Amino acid sequence: MAAGPMKMRATLNGGVTDVRVLMTHPMETGQRKDPDGKLVPLHFIQNVTVKLNGRTVVESQISQGISRNPVFTFRLKGGAKGDRIEVSWIDNQGETNQTETAVA
Amino acid sequence: MIAEGSPVELFELQGEELWKKPQGPKGVSLEQCDLGLGAGVVKGAYARLPRYFNDADRVMDLESRLLHCMMTLQGRTREQATLRVFGNDDRPSEMELLSAYIAGQSRGARMSPGTAHSKEKASYELGRALYFHRAGAWDFSCASCHGEEGKRIRMQELPVLYRPEHARPIMATWPAYRVSNSQFKTLQWRLNDCYRQMRMPEPNFASDSTVALALFLTVTGKGEPYHGPGTKR
């Protein structure tokens, strides 16, 4: 499956930037069976990186398939209006996607 | 609470892409489709459906109008355009993505379906009659489940949909994303699945009777600001 869209919002709230990002991903746990009874292979977002103006501020590792089309939220200190936030992910099958937005 | 950060927006984005993608033998997009507010106007269009369309001489809901545009603008056949109207976990259908996008463009607009034209009145009456018409193997009607207050199936409360106070919040949130199966579902699907649960013959997609039911329910729930696409259990 080609990587679907991502949607991100970043808002400043009293010195703390709330980042909320939606990702399109099947997030297979590796335990689900398809209609033929075969296991659907493990397929999940493994690493998520958040950058603030090009500087990495969050590096996260995810160990398993959580819900399909997950939403992640982060709270960053020290953002300012107009700062550029980039979020990128890479899954266990090597697919990647990224999006960026400005803090509002 | 489940509405917060719901993947509805992802479906809207994919729907917008599809709306602008040239398709069919004529190789054109749906951008010139007239949803009732003029060709290409999407903003606020969903809240005014179903209504009567002069060019097709019938009352249409969103899905039947989209089908009409696919056939007239894009030159696709009805068979080809309705090949896959309901999606599954892995692949949403074209109708589902498009309705996510179009309905999302009506947020905040008051639900005001057509009630003035004689065909709209006739369709409303047909929808009302269908709502109470008992038939099929179990002799069910819509009102068998949605006809008495305080009823539920498991933990799901059943709204009494011929009463405006019940219909308003429901009709203002369809089409909707269902959390339990991660799928985006159209109102046509909702009606189709209700007929399946009633053990009735499957209604034709976007047929006059399904549109009539949609119109009856939407008129009953009119006036509510649209706050969908919703997030359902």
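**Strands, sheets and a chain contact in a predicted model**

In this predicted model, strand 1 of chain A and strand 2 (residues 16–23) of chain A run antiparallel and are joined by 8 bridges.

Q: Why are strand 1 and strand 2 of chain A said to pair?
A: Pairing requires at least two bridges between two strands. Strand 1 and strand 2 of chain A are joined by 8 bridges, so they pair. Within this pair, Thr11(A) stands opposite Asp18(A) in strand 2.

Q: What makes strand 1 and strand 5 of chain A edge strands?
A: The open sheet of chain A has 3 strands in the order 1-2-5, with antiparallel pairing. Strand 1 (6–13) and strand 5 (71–77) each pair on one side only. Neighbouring strands of this sheet are turned by 15 degrees against each other on average, direction ignored.

Q: How do you know that strand 5 and strand 7 of chain B pair?
A: The requirement is at least two bridges. Arg178(B) stands opposite Lys232(B) in strand 7.

Q: Which strands are the edges of the sheet in chain B?
A: This open sheet has 3 strands in the order 6-5-7, and its pairing is mixed. The edges are strand 6 (183–185) and strand 7 (230–232), each pairing on one side only.

Q: What makes residues of chain B count as in contact with chain A?
A: The C-beta atoms, placed from the backbone, must lie within 7 Å. By this criterion, 8 residues of chain B are in contact with 10 residues of chain A. The chain B side divides into 3 nonpolar, 3 polar and 2 charged residues.

Methods: Residues numbered from 1 in each chain as written. Chains lettered and ligands numbered in written order. Predicted model: local features only at pLDDT ≥ 70, side-chain atom pairs only at ≥ 80, totals over all residues. Contact = placed C-beta atoms within 7 Å. Nonpolar A, V, L, I, M, F, W, Y, C, P; charged D, E, K, R; others polar. Helix = DSSP H or I, 4+ residues; strand = E, 2+ residues; numbered from the N terminus. Axes fitted to C-alpha atoms, helices over the stretch in contact; angles between N-to-C directions.
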